[in-house]
Amino acid sequence: MKSRRRPYSEQRPIDTGGGVWSVPVPIPGSPLGYTLVYAIESPAGPVLVDTGWNHPEAWLALRDGLSSVGMDVRDVRGVVVTHFHPDHAGLAGQVQEESGAWIAMHEADIAMVKLLRGFGSEGHREFRADMLRRAGAAVVEVEEASAHQPKPPALPDRTLHDGDLIDLPGRRLRTVWTPGHTPGHICLHLEDAGRIFTGDHVLPAITPHIAVYPYDRADVDPLSDFLESLEKVAGLGDLEALPAHEWIFQDVAARATEIHAHHEEKLVRLAALLAEAGEPLTIWETAARMTWNRSWEELSAMLRGMAAGEAAAHLRTLEARGVIRRTPEVDPVRFALHS
């Protein structure tokens, strides 16, 4: 059943049943509001699914939220991170410092963490600036969108692969690799309870950010990966979904199928947009003509950058399907329908 996204101020830790607790952790300054961190009981100490953003307010919410349901952060056995993004992995290092917990992540996202940690803040800023320029962004937009980058998360000490069981005594929590939102995004199937922790892969009312970084890469196709991952999760049946944002909901298979259809419709609209343009478009020009939840003029520099990433992912899938082509040896890269 559909619900509504309640503000963080209305959120409280809750017992979701079956030894699983939900603890809302705020994301300061984000319209998402909060991350739902899950604590799973075990005889050897709780295991957390995600941790939340690395911020003092978020840390207090996690620590005190666990305490309110009878858990001490110092007793945490391990942290399973669904993906490397800062609103999921940000506090994993601090939890480890307090408890000695292990941190587990899929190997593909561990590679991303190593890459980010190797960049340094200045290197990451230069990488983003060049990426935006090649997409066709104006100089001022490049400067604004490249200004702020979050600190990379702690490096995990346990590597997960598709199908691995999590070190959770007395329970069967299995890794389900679901690339798309990130290369190493995972869901976690609690097989002994008919439930699945979906991270950002399947959310009840919104869809996750699917993007290509750098925007003009031609050797990856994250949207196609995401669509295949949706089919994979749908194949698990009508499990109860425990997502990282919004609210717990029933029948993950139905929602996964709905999200799949949403992106297929978006691909059709994008192909029509390129046909109407009558000339090759840059990634930035394409994003500016697409439909978002606000007009392009109302989007901040950061949101325009994210929109361009999503446009790039959909363009890449159309290119992989042979619907469109990129203009060779042109900077910035441009796309047009096959003639």
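Contact means heavy atoms within 4.5 Å. Helices (H or I, at least four residues) and strands (E, at least two) are DSSP runs, numbered from the N terminus.

## Basis

This is a predicted model, in which local features need pLDDT of at least 70 and side-chain atom pairs count only at pLDDT 80 or more, while totals for chains, interfaces and linings use all residues. Residues are numbered from 1 along each chain as its sequence is written, and side-chain values use heavy atoms, with hydrogens and water left out.

## Helix α6

Helix α6 covers residues 222-234, 13 residues in total. From first C-alpha to last it reaches 18 Å, close to the 18 Å expected at 1.5 Å a residue, where the expected span is 1.5 Å times one less than the number of residues.

Its buried residues (under 20% relative accessible area, 1.4 Å probe, protein chains only) are Pro222, Leu223, Ser224, Phe226, Leu227, Ser229, Leu230 and Val233.

## Arginine 6

Arginine 6 lies in the segment before β1 (14-17). The residue is partly exposed, at a relative accessible area of 35%; partly exposed covers the range between buried and exposed, the latter being over 50%. Apart from neighbours within four places in sequence, arginine 6 is in contact with Gln11 and Tyr34. Its C-alpha atom is separated by 30 Å from that of lysine 232, 226 residues apart along the chain.

## Tyrosine 213

Tyrosine 213 is in the loop between β10 and α6. Its relative accessible area is 33%, which means that tyrosine 213 is partly exposed.
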